[in-house]
Structure formats: C-alpha cells, structure tokens
Amino acid sequence: MIRLSETLALQSVEDFLTPDELGRLGKIMDAELEVTGWRPAHQADVVAAPGQAQEILRAATDRALPVLRRVLPSVAGADVWHYTELTAGQEVPAHIDGIPRPDVAPRRIGRIGVVLELPESGGQFYVDTTSGPSVWSGAVVGEAEGYAEGTALTHRLPHDRAHQHQGEPEWLRAAARTRWITDAPAGVALAYGAQLIHGVLPVRAGRMRKFVTDLLDAPRG
C-alpha cells in the first residue's frame, strides 16, 4: 500500500555506480551520441539510454533497492532509463512530476537520477518544501486505488517545453518554499518522491550529463 510520505521522500545512494561503471557508461554514451548525433531539442530533453547502459543501470538499481525501500517501501523497480544533457545557461525549472494515473499499475512512486558528468559550475539538483496548500489538487485516493486511505494528490507540472516557455503556474508561484540544494557528485543517485517539488539550477559553465527514470510500484509489463 502506497503512503503519502513515499511520494514526498528523498534518499541518496552514495555507492549507486562504481568508478568502473561510470567509466563504462561514459564510453557507451560517447559512442552512442557519435553514431546517432542526438542533441537535446530543448533544455531537459531526454532520450532512452542504449541497451548496454540500461543493463548497467538496471543492475545498479537492483543493488540499491534495499536502501531505496527504507523510505520508498512500495518501490518494486525502475522504468526505462533516459539520458539528458544541460549546458551553460540551461536548467530544469521547478516542477512536480506527480502521479499521472493513480489507479493504474505500474504507478510512479518517485524518480531517481544519477549524474554521469558534473559541469564545471552550477547544475545542482534541488528540492523545494512547502507547508502551503496551493500545490495540492484536492483529489484524494485510498485503498481502492492501492493507497493508504486519504492520500492527497498534488497538481502535476511535467518539465516539458510548454512549462519552460510559460513559466510557473499560479498554484506553484503562490507556494512559499524552502529550497534544499544538493552537492551530490557523479555516481551518487538521488531518489525523490513523485509529489516533491524539484529542479536543477542553471549550469554556469561546462556540461552536465545525467540519467533519470521513474521508480514504480510494479514491474513494467
């Protein structure tokens, strides 16, 4: 049964990727991008990681499950991993991923990201906490949907091009927030609940390379 606290959780996994795995993933992505020519169409654009990278990241996720389940006990595994890049001047604006279909499994309980390469400066991941009511949609789910009775749902604000172009909606702007900025190095995974406000500060110099995916309550069929 999914609890509200899981959807607002934050957990680090310091040994998510070994130095050897980081090196292998860097070579895999260098080769993949050279062949495909993929470049982000906009900031925070993502592409599915190639098969070899998926294998390494799946193995790392399986190793980390005992740690992740301390704060996200409903998590059964991860979805397909995606790759993204941010360069100087780019960021991921504050947003809430949310739970798109709370009554349909597999449900997104949270997200997890791990940096492959840090930029020279900037690009830190952050979360915003708030006691304000405006982020909550008023919708509530319970045992019928697989949640603890009375679990509240936030509004959803995917980090797509429309959000970046239009800026923060009033319900998010209205929330007084406290920002928590991380300094996690490459190879450290950060898992965060699907209803937690989060983003990435602007990269000031260099390039950030990162993998991200959903944490699910059931295997993807």
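**View 1. The largest cavity of the predicted model.** The largest cavity has a volume of about 170 Å³, a volume being the space filled by probe spheres set on grid points that are joined across faces, edges and corners. A cavity is here a set of points, on a 1 Å grid over the protein atoms alone, where a 1.4 Å probe fits but cannot get out, and a search of the whole structure finds 1 cavity of 30 Å³ or more. This is a predicted model, in which local features need pLDDT of at least 70 and side-chain atom pairs count only at pLDDT 80 or more, while totals for chains, interfaces and linings use all residues. Residues are numbered from 1 along each chain as its sequence is written, and side-chain values use heavy atoms, with hydrogens and water left out.

**View 2. The lining of the largest cavity.** Of the 16 residues that line this cavity, Val92, His159, Val200, Lys210 and Val212 lie nearest its centre, where lining residues have an atom within 4 Å of a point. At least two lining residues come from each of β4 (82-87), β5 (92-95), β13 (197-200) and β15 (207-216), strands being DSSP runs (E, at least two residues) numbered from the N terminus.

**View 3. The largest nonpolar core.** This core, a set of buried (under 20% relative accessible area, 1.4 Å probe, protein chains only) Ala, Val, Leu, Ile, Met, Phe, Trp, Tyr and Cys residues joined through side-chain atoms within 4.5 Å, has 37 residues, and Phe16, Leu17 and Phe211 have the most contacts inside it. The helix α3 (51-71) is among the elements that give two or more residues to this core, helices being DSSP runs of H or I with at least four residues, and α3 gives the most, with 8 residues.

Note on methods: On a 1 Å grid over the protein atoms alone, a cavity is a set of points where a 1.4 Å probe fits but cannot get out, and a pocket is an open set with protein on both sides within 12 Å along at least five of seven lines; lining residues have an atom within 4 Å of a point. Buried means under 20% relative accessible area, exposed over 50%, partly exposed in between (1.4 Å probe, protein chains only).
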